[in-house]
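Please keep the structure open while reading.

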Amino acid sequence: MDQYLDVKTPWHLWVVGILSLAWNAFGANDYIQTQMGNVAYYETMLEGIDATPEQALAYFQSYPAWMDAAWAVGVWGAVLGSLLLLLRSRFAVLVFALSLLGLAVTTVYQLVQGQPEWAQGTTTTIITVVIWSIATFLLIYAGSMRSKGVLR
């Protein structure tokens, strides 16, 4: 335990932690708005897309319970991982890994089950790649900080 007392927190941990918390808060908001059936939220999200808010909500609300659970693990795990990173907890690594597992389950489900035509396209692909890239980076970063003794 004494070995961690003299390990200084690098400045980039605060930057990564705060930015990741802000980023993951967007995902949490999206999850909450969908679970609450907020049509007004989807009206703004679907501008320029050939779908109604009701169609989008119906699609997301048609997920089976286990899929909703995987989505929740992915979203809330990412938020908790960001908080644990800021608290310099070694558990950030485990929680980010669980979050990535939740993301993997939701991605595979969407690929196997198929998405409505309005949810397919370049924008959706770019968003998916960005989400995967950030989630993977956060897991690798947290693992690196743990191995350097920054996370205790």
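## Second largest pocket

In this predicted model, the lining of the second largest pocket consists of eight polar residues and one nonpolar residue, with no charged residues. The residues that form this lining are Thr107, Gln110, Leu111, Gln115, Gln120, Gly121, Thr124, Thr125 and Thr128. Two elements, α5 and α6, each give two or more residues to the lining of the second largest pocket. The space in the second largest pocket amounts to about 170 Å³.

## Largest pocket

The largest pocket has a volume of about 1300 Å³. Its lining is made up of 45 residues, and those closest to the centre of the pocket are Asp30, Phe60, Trp71, Ile127 and Ile131. By class, the lining of the largest pocket holds 28 nonpolar residues, 16 polar residues and one charged residue.

Which elements give two or more residues to the lining of the largest pocket? They are α1, α2 (39-45), α3 (53-61), α4 (65-86), α5 (91-113) and α6. The largest share of this lining comes from α6, with ten residues.

## Packing of α1 and α6

Two packed helices are described by the angle between their axes and the distance between the axes. For helix α1 (residues 11-36) and helix α6 (residues 122-147), the axes come within 12 Å and cross at roughly 145 degrees. The crossing of α1 and α6 is left-handed.

On the α1 side, the contact is made by His12, Leu13, Val16, Ser20, Trp23 and Asn24. On the α6 side, Val130, Ile131, Ile134, Phe137, Leu138, Tyr141 and Met145 take part. Sorted by class, the contact of α1 with α6 has ten nonpolar residues and three polar residues, and no charged residues. Ile131 of α6 belongs to this contact and is also one of the residues closest to the centre of the largest pocket.

## Overall fold and confidence

The protein chain has six helices and zero strands, so the order of elements from the N terminus is α-α-α-α-α-α. Along its principal axes, the C-alpha trace of the chain spans about 55 × 30 × 25 Å.

The mean pLDDT of the protein chain is 91, and 96% of the residues score at least 70. Among the elements, α4 has the highest mean pLDDT (97) and α2 the lowest (85). Where pLDDT is low, the predicted coordinates should not be read in detail.

Terms used: Residues are numbered from 1 along each chain as its sequence is written. This is a predicted model: local features need pLDDT of at least 70, side-chain atom pairs count only at pLDDT 80 or more; totals for chains, interfaces and linings use all residues. Side-chain values use heavy atoms; hydrogens and water are left out. Axes are lines fitted to C-alpha atoms, for helices over the stretch in contact, and angles run from 0 to 180 degrees between N-to-C directions. Helices (H or I, at least four residues) and strands (E, at least two) are DSSP runs, numbered from the N terminus. A crossing is left-handed if the near helix is turned anticlockwise from the far one by less than a right angle, and right-handed if clockwise. Contact means heavy atoms within 4.5 Å. Ala, Val, Leu, Ile, Met, Phe, Trp, Tyr, Cys and Pro count as nonpolar, Asp, Glu, Lys and Arg as charged, and the others, Gly among them, as polar. On a 1 Å grid over the protein atoms alone, a cavity is a set of points where a 1.4 Å probe fits but cannot get out, and a pocket is an open set with protein on both sides within 12 Å along at least five of seven lines; lining residues have an atom within 4 Å of a point. Grid points are joined across faces, edges and corners, and a volume is the space filled by probe spheres set on the points. pLDDT is the predictor's confidence in each residue, from 0 to 100.
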